[in-house]
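Welcome, and please open the model in your viewer.

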Amino acid sequence: SRDLVTRTRLEQQARIDIANAAGADIIVSVHHNGYGDPAVRGTETYYCADRPFAERGRRLAELVLDGLVGRLAEVGYATQRRGVKDDASIGARYGQPHSFLLGTNPGIDPSWMPGIFGEALFVSNHYEAALLQREDVREALALGYLDGIQAYFAWLDGHNVGPEPALQDTDARLGSVAAAGA
């Protein structure tokens, strides 16, 4: 269990570092859920409510959820809409305040942009696991993510949302990225 947490933390930090270094506007992590009860099914998204850009993260999570649910309906599957959730419940599984990717945790350098986890379907549910074998369902999920992301950027443009709140001094950020790449 400890090795899994360490590996997960290192993998997530690498993803965060890449997104930060690239100056990404958002970070989206594509997942499928699992649960001990195989009857549990549905689609949900997660964001971090404790970040300076929480409103943006929540809006991204809402729009991606809309996209996933809508595209699944187009291929004939009425998924259970499980909602938009705070990532604190994910972090609690690992003894942390938040998920490694979205939140702020001891020993992890956080992302500098809004982000989400998408949990499109439950692989522990036999019917949803079978759906994932279908090319049209996988295509629908990809398009659902795309729809949500495009809607998010349209929302930003339509609301004349200004720059994201600074998480740290820009010059210091750029210097640390440059030093890491040297």
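**The whole chain**

Start with a cartoon view: the protein has six helices and four strands, where helices (H or I, at least four residues) and strands (E, at least two) are DSSP runs numbered from the N terminus. Follow the chain from that end and the elements come in the order α-β-β-α-β-α-β-α-α-α. This is a predicted model, in which local features need pLDDT of at least 70 and side-chain atom pairs count only at pLDDT 80 or more, while totals for chains, interfaces and linings use all residues. Residues are numbered from 1 along each chain as its sequence is written, and side-chain values use heavy atoms, with hydrogens and water left out.

Of the 182 residues, 42% count as buried, meaning under 20% relative accessible area (1.4 Å probe, protein chains only).

**Next, select Thr79**

Thr79 sits in the loop between α2 (54–74) and β3 (81–86). Is Thr79 buried or exposed? Thr79 counts as buried because its relative accessibility is 11%. Now show its contacts (heavy atoms within 4.5 Å). Beyond its neighbours within four places in sequence, Thr79 touches Arg41, Gly42, Thr43, Val69, Leu72, Leu121 and Glu128.

**Last, colour the contacts by separation**

Among contacts in the protein with a separation of 6 or more, 77% join residues 24 or more positions apart.

Definitions and conventions:
Buried < 20%, exposed > 50% of the residue type's maximum accessible area, 1.4 Å probe, protein only.
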